[in-house]
Amino acid sequence: MAVTERVWAALTALVKLEDKVERHSANLKAHQEKIEGLTERVIRLEVTLEILMRASEHKRLN
């Protein structure tokens, strides 16, 4: 009987672990998408800043 209980406990733990891994995987995917979105925004801000700085520099020279 003790062997059956240990096997059952191990299977139960395995199912719980699988559920945790799936939830963490979903969270990781959501975080990755958020990071990629923020990266895109930073790139757009850098380009805008570069354009404004060059326009300001050009205006000063003329």
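Helices (H or I, at least four residues) and strands (E, at least two) are DSSP runs, numbered from the N terminus. The structure described here is a predicted model, in which local features need pLDDT of at least 70 and side-chain atom pairs count only at pLDDT 80 or more, while totals for chains, interfaces and linings use all residues. Residues are numbered from 1 along each chain as its sequence is written, and side-chain values use heavy atoms, with hydrogens and water left out.

We can begin with the overall form. The protein chain contains one helix and zero strands, and helix H1 covers residues 2–61. Along the principal axes, the C-alpha atoms fill a box of roughly 90 × 10 × 5 Å. The radius of gyration, taken over C-alpha atoms, is 27 Å for the protein chain, whereas a compact globule of 62 residues would have a value near 11 Å; the globule rule is 2.2 Å times the number of residues to the power 0.38. Within helix H1 sits Gly37, whose C-alpha atom is separated by 18 Å from that of Ser25, twelve residues away along the chain.

Next comes the surface. Of the 62 residues in the protein chain, 0% are buried, where buried means under 20% relative accessible area, exposed means over 50%, and partly exposed lies in between (1.4 Å probe, protein chains only). Gly37, for instance, is partly exposed at 26%. The accessible surface of the protein chain comes to about 6,400 Å², and 64% of that belongs to carbon and sulfur atoms; these areas come from the Shrake-Rupley method with a 1.4 Å probe, and for residues only the protein chains shown count as cover.

Val3, Val7, Trp8, Leu11, Leu14, Leu17 and Val21 together make a nonpolar surface patch of about 730 Å². Patches are made of residues with over 30% relative accessible area and no salt bridge, with nonpolar side chains (Val, Leu, Ile, Met, Phe, Trp, Tyr) joined within 5 Å and like charges within 9 Å. Val7, a member of this patch, has a relative accessible area of 44% and is partly exposed.

Finally, there are the charges. Side chains of opposite charge can pair when their charged atoms come close. The structure holds two salt bridges, each defined as a side-chain nitrogen of Lys or Arg within 4 Å of a carboxyl oxygen of Asp or Glu. One of them joins Asp19 to Arg23, with the closest N and O atoms 3.2 Å apart. These two residues lie four residues apart in helix H1, about one turn of the helix; Asp19 is partly exposed at 37%, and Arg23 is partly exposed at 47%. In the other, Arg54 meets Glu50 at 2.7 Å, N to O. Arg54 and Glu50 are also four residues apart in helix H1, about one turn. Here Arg54 counts as exposed at 57%, whereas Glu50 is partly exposed at 37%.
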